[in-house]
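Please read the points below with the model at hand.

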Amino acid sequence: MAKHKFAEHALSPWMKKDGPENDVVLSSRIRIARNMRNYPFPLLATADQSQNTMEQLLSIAESGRLNGLGEPAAYRLSELTELEKLVLVEKHLISPALAGESRNGALILGRNEDISIMINEEDHLRIQCLYPGFQIREAWEFASKIDDIFEESVDYAFDEKYGYLTSCPTNVGTGIRASVMMHLPALVLTGQINRILSAVTQVGLAVRGLYGEGSEATGNLFQVSNQITLGQSESEIIDNLHAVARQIIGHEQAARERLLKESRTRVEDRVRRSYGILSYASIMDSKEASQRLSDVRLGVHLGLLPEVNRDVLNELIVLTQPGFLQQQSGEALTPEQRDIARARIIRSRLASQA
Amino acid sequence: MQCQECGNRPATLHFTKIVNGEKTELHICEFCARERGELIPGTSSGFSIHNLLSGLIDFDPASAGAKQQTLRCEMCGMTYAQFSKMGRFGCSHCYKHFAERLDPLLKRVHGNTVHVGKVPKRVGGQVRMRREIDKLKRELQSRIEREDFESAASLRDRIRDLEREIGS
């Protein structure tokens with residue numbers, strides 16, 4: 001039994017809810033970066049200063065003012081084990097930077113894990129909201145409310161010309177990063193993905209892999225987000241992302257229909273092979289797992305695998321990451337042992353839901 | 001030329017090491033170089049947004065000179081040279097102290113230099129209202145263009161109210 005609730009389940013409560021366009025969009029995310037006026041940014045803060053900012057920001061959560069928005073719990077990173085931190089990273093609830101490098105880092109986590117607020121990461125405050133499916137506007141409205149609650153008692157570093165001041169000049173202005181996590185297997189299979197992604201980067205958006213900056217796009221999962229934070233309002237940034245994501249969704253759906261119409265048997269074969277391998281293999285590395293799980297997910301949405309439950313697939317994406325595998329086994333595992341544990345957990349999850 | 005390590009792939013990296021006058025050459029492929037942990041300058045190991053950014057910050061033809069070196073934030077003590085190396089500010093006051101050098105950088109990163117989004121309620125009361133008035137004026141203009149005079153009139157009244165509030 002894990003000590004903290006977040007480590008018990010790979011599937012965050014918010015992920016179990018249905019969202020619009022969830023055949024293509026797994027989740028929508030908003031992150032807001034804010035800093036306190038009278039303290040240096042965490043990079044240059046002394047231990048006393050970062051302790052001070054942490055206590056001030058935590059006290060806002062502990063005062064109960066955020067309770068209406070999700071009954072959050074607060075954790076100081078120093079109280080968590082390395083494995084618990086890794087689990088939080090794998091669930092997208094904290095960044096690798098907060099887990100690895102922060103001084104006096106802390107986390108405020110909503111009960112449904114749809115709110116995660118990082119303290120003393122690169123900026124003093126990073127408010128993150130996660131919504132299932134394609135709900136980027138809803139995520140922004142929610143995050144903005146949390147921002148307003150903090151602003152009631154914290155003097156933000158704000159400049160009339162530059163807007164919200166952040167440690168990195170790439171976040172200054174609105175301080176927001178809006179992103180949509182998309183599953184685009186049909187665009188990859190039909191070879192259209194590169195054309196579409198290069199078009200996306202030309203309109204000021206960035207494309208990354210499952211785990212954000214620097215991560216490779218595995219399992220046909222792509223995270224599309226805004227790059228520009230200065231000179232556009234939040235609603236312009238979100239509308240822009242919304243419009244582009246909407247088009248990508250349309251292309252993916254059209255490509256899936258075409259696949260079904262023109263090469264149904266081949267797609268069915270691919271999907272069923274992957275399902276078979278996941279159901280029976282004894283060794284499964286992470287790259288193969290994410291590719292096969294992507295095939296099965298495509299099969300589910302094409303109606304080719306009615307026996308598979310979508311929640312199980314979402315759960316397996318997180319459950320097959322190294323931290324969770326070790327959490328489940330209760331010990332550190334070598335990469336070889338992990339591949340065996342991964343295969344075992346996939347087999348048992350797929351068997352139990354049938 | 002084949003890679004000296006694996007003998008399979010073509011060598012794409014060529015190292016020349018001179019230690020105590022003794023010269024050794026190494027021709028390997030990128031894959032083997034990474035395996036050996038050889039430091040490959042300019043490749044992905046440890047490459048981050050901050051490296052990329054510091055390239056942008058440095059890249060400024062007008063910046064050659066002593067001024068850049070001496071520019072320093074009076075609050076946290078960070079110099080512009082340090083900022084350009086790290087790609088991150090030390091505190092919110094750096095923005096003020098580095099202001100003269102900031103606009104070209106922000107222009108390159110964002111294509112813009114002025115914030116137009118959300119304004120905090122408490123800190124930015126006046127700013128918020130001025131922005132609100134600007135927004136309403138733009139809206140007013142478009143309603144007039146659409147010949148929607150009735151709703152334009154009520155908008156005009158709201159703008160007047162807000163302007164009075166700021167003036168008082």
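Predicted model: local features only at pLDDT ≥ 70, side-chain atom pairs only at ≥ 80, totals over all residues.

1. Residues are numbered from 1 along each chain as its sequence is written, while chains are lettered from A and ligands numbered from 1 in the order in which they are written.

2. Chain A brings 33 residues and chain B 29 residues to their contact (C-beta atoms, placed from the backbone, within 7 Å). On the side of chain B, helix 2 (49-58) and helix 6 (99-110) are the elements that give two or more residues; helix 6 of chain B gives the most, with 4 residues. Helices here are DSSP runs of H or I with at least four residues, and strands are runs of E with at least two, numbered from the N terminus.

3. An automatic or database assignment supplies the domain bounds: chain A is divided into domain 1 (1-16 + 29-168) and domain 2 (264-352). The C-alpha centres of these two domains of chain A lie 31 Å apart. Their contact joins 12 residues of domain 1 to 10 residues of domain 2.

4. H92(A), in the loop between helix 2 (82-90) and helix 3 (96-100) of chain A, has a positive phi near 65 degrees. H92(A) counts as buried because 20 C-beta neighbours lie inside 10 Å (buried means 20 or more other C-beta atoms within 10 Å, with C-beta atoms placed from the backbone).

5. N220(A) lies in the loop between strand 9 (205-208) and strand 10 (221-226) of chain A, and its phi is positive, near 55 degrees. Most residues other than glycine have a negative phi.

Notes
Contact = placed C-beta atoms within 7 Å. Buried ≥ 20, exposed ≤ 12 C-beta atoms within 10 Å, placed from the backbone.
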